[in-house]
Amino acid sequence: MNKKFSLVGALAVAAAFSLSACGTGTTTGSPAPAGMENSPTSGSEMTMPDTGSMELMIHIHDGKFIDPKPLAAGATVTVMNMDDTAQKVISDDSTSFNVSVPAGGMVNFAAPKKPGTYPFHGEAADMQGVLTVIASAPSQAATMVCADEAKQNIEEILALPAIPTTTDHWDGTTYSCTYPLEVGDFVMTVTESTNGADAAALAKQLADAAQAPPIEGLANLGLPGFQSSDGSVIFAKDNMTLHVDATAFPATVGPNKVTAGSFAYELATTILACWTAHHE
């Protein structure tokens, strides 16, 4: 199916949704990360800042680090040194952060803007910790997999009696929307990478895991695209990787006996068209 899907149909879907304003979903499944409300005004360190939230602090006690909870990219991180000797907090990569904390004092620094885990150390060999940084919120484009346009398309294809309900989840880099349908769970996920190369690499990794060969010809819409025989479709566009998973479906669904692969492809093109309209 990945080679034979009608390009006219794909472009018709794209055109239809480009003419209307694509909405966004809502992040109801995950709370906002700590630190979203405390965006720093400067990346420079300073001695004896405001105390801030305890959960955002790196504590130094008895020559050991106590790690903070995961916090938002760019949030203010406070280091509280409860020891009677000065200490340092240095990221293992030597570039993300490097601060000196006086005995009994505190220092602020801005968390890295790129989500990820940042191991750090002190001057003593056994002083080690990890700072976990997560994205503050999914982009509007990512939440479109839970938007009304996608729900209405699913309702029409499957001839459902009502708009389907969804559950969503955001882990800081990947936004997922699950449709618990009678024919099986349908899941669309969007992973936000730092650049297009990383997004394309992730698409290839997901495709390998799903045994999804490349979509050939014009049906790939000029993007890195992959489709498995059992209903998995993967695309990379800009810094985002879209994975549409209908593998829980039977061979065909809906009154028109649409295959799981065709269903996943049509929903993928719906989301891609919304992304295109969103960036215009």
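Here is a walk through a sheet, a set of aromatic pairs and a pocket in this structure. The model is predicted, so local features need pLDDT of at least 70 and side-chain atom pairs count only at pLDDT 80 or more, while totals for chains, interfaces and linings use all residues. Residues are numbered from 1 along each chain as its sequence is written, and side-chain values use heavy atoms, with hydrogens and water left out.

Let's begin with the sheet. Five strands make up an open sheet in the order E4-E10-E9-E6-E7, and the pairing is mixed. (Strands here are DSSP runs of E with at least two residues, helices are runs of H or I with at least four, and both are numbered from the N terminus; two strands pair if DSSP finds at least two bridges between them.) The edges belong to E4 (71-72) and E7 (98-101); each has a single partner strand, so one side of each is left without a neighbour in the sheet. E4 runs parallel to E10 (residues 128-134), and two bridges join them. If you want a spot to look at, Leu71 sits opposite Val133 in E10.

Now for the rings. Phe, Tyr and Trp rings (the six-membered one for Trp) pair if their centres lie within 6.5 Å; planes under 30 degrees apart are called stacked, over 60 edge-to-face, and the rest tilted. By this rule there are eight aromatic pairs. One of them is Phe97 with Phe109, stacked at 4.8 Å centre to centre with 20 degrees between the planes. Phe97 lies in the loop between E6 (87-91) and E7, and Phe109 in E8 (residues 106-110), so the pair ties together parts twelve residues apart in sequence. Tyr179 and Phe186 make a tilted pair, at 5.8 Å centre to centre and 50 degrees between the planes. Tyr179 counts as buried because its relative accessibility is 0%, and Phe186 counts as buried at 0% too. Back at the phenylalanines, Phe65, Phe97, Phe109 and Phe120 form one aromatic cluster.

Last stop: the second largest pocket. Its lining has 14 residues, with Pro115, Thr173, Glu192, Ser193 and Thr194 nearest the centre. (On a 1 Å grid over the protein atoms alone, a pocket is an open set of points with protein on both sides within 12 Å along at least five of seven lines, where a cavity is a set in which a 1.4 Å probe fits but cannot get out; lining residues have an atom within 4 Å of a point.) Strand E13 (184-192) and helix H3 (196-210) each supply at least two of the lining residues.

Definitions and conventions:
Buried < 20%, exposed > 50% of the residue type's maximum accessible area, 1.4 Å probe, protein only.
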